[in-house]
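Please read them with the coordinates open.

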Amino acid sequence: MNEFINRYGAEIIQHSIEHLILVSTSIFIAVLIGIPLGILVTRKPEFSQPILGFANIMQTIPSLALFGLLIPVPVVGGIGARTAIIALTLYSLMPIIRNTYTGIVGVDPAIREAGRGMGMTDWELLFQVEIPLAMGVILAGVRVATVFAIGLATIAAAIAAGGLGVFIFRGVATGNNQLLFAGAIPAALMALAADFALGWIELYLNKTQINK
């Protein structure tokens with residue numbers, strides 16, 4: 001174990017940081033895009049088919065194929081982290097959009113009517129009532145997207161974007177199990193940590209809403 005740490009420890013830290021940057025950046029962008037799209041679908045149902053259809057299509061494309069398809073695209077494509085972040089963002093949209101829509105639509109109609117009876121505008125109702133009540137469900141979508149993105153980000157090494165996938169690809173190419181473990185174990189631990197942290201926040205928000 002000591003030999004393993006001495007040999008790969010510095011690289012593991014470096015690639016773990018790269019992995020975190022890829023995932024956190026893509027999830028941040030996906031949240032900025034996905035939550036407004038989910039809200040839009042609740043207000044404009046006619047947009048639900050194209051928006052949800054696009055997000056569904058992105059998830060049906062094999063991950064490595066999507067990375068490859070984005071490389072020749074002008075401006076957004078190329079080799080490196082930018083293309084990986086765009087691909088991860090596209091893959092992360094579906095659970096965030098879906099859960100935002102589900103959470104807001106699932107708010108008790110009586111609560112909405114009470115808000116309207118108090119003279120709330122649609123925007124006030126959305127930001128002061130619906131989103132706070134739906135936050136637990138929305139966060140569940142972010143949680144799913146984050147855990148999924150951590151695993152998927154290992155593919156980013158195929159387009160020279162770094163991350164823990166560097167170890168996995170090197171391990172597969174050389175038949176070195178130590179390299180495979182150096183990439184797979186930190187990625188798995190990262191996914192478990194993210195799932196636990198976001199799950200705890202989700203549980204806290206749900207308990208807060210119940211107590212209210």
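The points below go from the whole chain to single residues.

1. Ground rules. This is a predicted model, in which local features need pLDDT of at least 70, side-chain atom pairs count only at pLDDT 80 or more, and totals for chains, interfaces and linings use all residues. Residues are numbered from 1 along each chain as its sequence is written, and side-chain values use heavy atoms, with hydrogens and water left out.

2. Confidence. pLDDT is the predictor's confidence in each residue, from 0 to 100. The chain averages 90, and 96% of its residues reach 70 or more. Among the elements, helix α4 (residues 81-105) has the highest mean, 94. Helix α3 (residues 63-70) has the lowest, 86. Where pLDDT is low, predicted coordinates should not be read in detail.

3. Architecture. The chain has eight helices and zero strands. Its elements therefore read α-α-α-α-α-α-α-α from the N terminus, where helices (H or I, at least four residues) and strands (E, at least two) are DSSP runs, numbered from the N terminus. The C-alpha atoms fill a box of roughly 70 × 40 × 20 Å along the principal axes.

4. Packing and surface. Of the 212 residues, 41% are buried. Buried means under 20% relative accessible area, exposed over 50%, and partly exposed in between (1.4 Å probe, protein chains only). Contact means heavy atoms within 4.5 Å. Of the contacts with a separation of 6 or more, 73% join residues 24 or more positions apart. The chain exposes about 11,300 Å², with carbon and sulfur atoms supplying 70% of it. These areas come from the Shrake-Rupley method with a 1.4 Å probe; for residues, only the protein chains shown count as cover.

5. Charge. There are 11 positive and 11 negative side chains, and the centres of the two sets lie 2 Å apart. Lys and Arg count as positive and Asp and Glu as negative; His and the chain ends are not counted. Each charge is placed at NZ of Lys, CZ of Arg, CG of Asp or CD of Glu.

6. Beyond four places in sequence, S92 contacts I27, A30, A145 and A149. I85 also lies in helix α4. I85 is buried because its relative accessible area is 15%. I85 and D195 are 110 residues apart in sequence and 20 Å apart, C-alpha to C-alpha.

7. T42 sits in helix α1 (residues 2-43). At 18% relative accessibility, T42 counts as buried. Its side chain makes a polar contact with the side chain of R43 (3.2 Å). A polar contact is a pair of N or O atoms within 3.5 Å; within protein, one must be able to donate a hydrogen and the other to accept it, and residues adjacent in sequence count only if both atoms are side-chain atoms. Not counting residues up to four places away, T42 touches Y101, I104 and V105. V105, in helix α4, is partly exposed at 42%. Beyond four places in sequence, V105 contacts T42 and R112.

8. A160. Please check this backbone: A160 is not a glycine, yet has a positive phi of about 60°. A160 lies in the loop between α6 (122-152) and α7 (165-174). With a relative accessible area of 57%, A160 is exposed.
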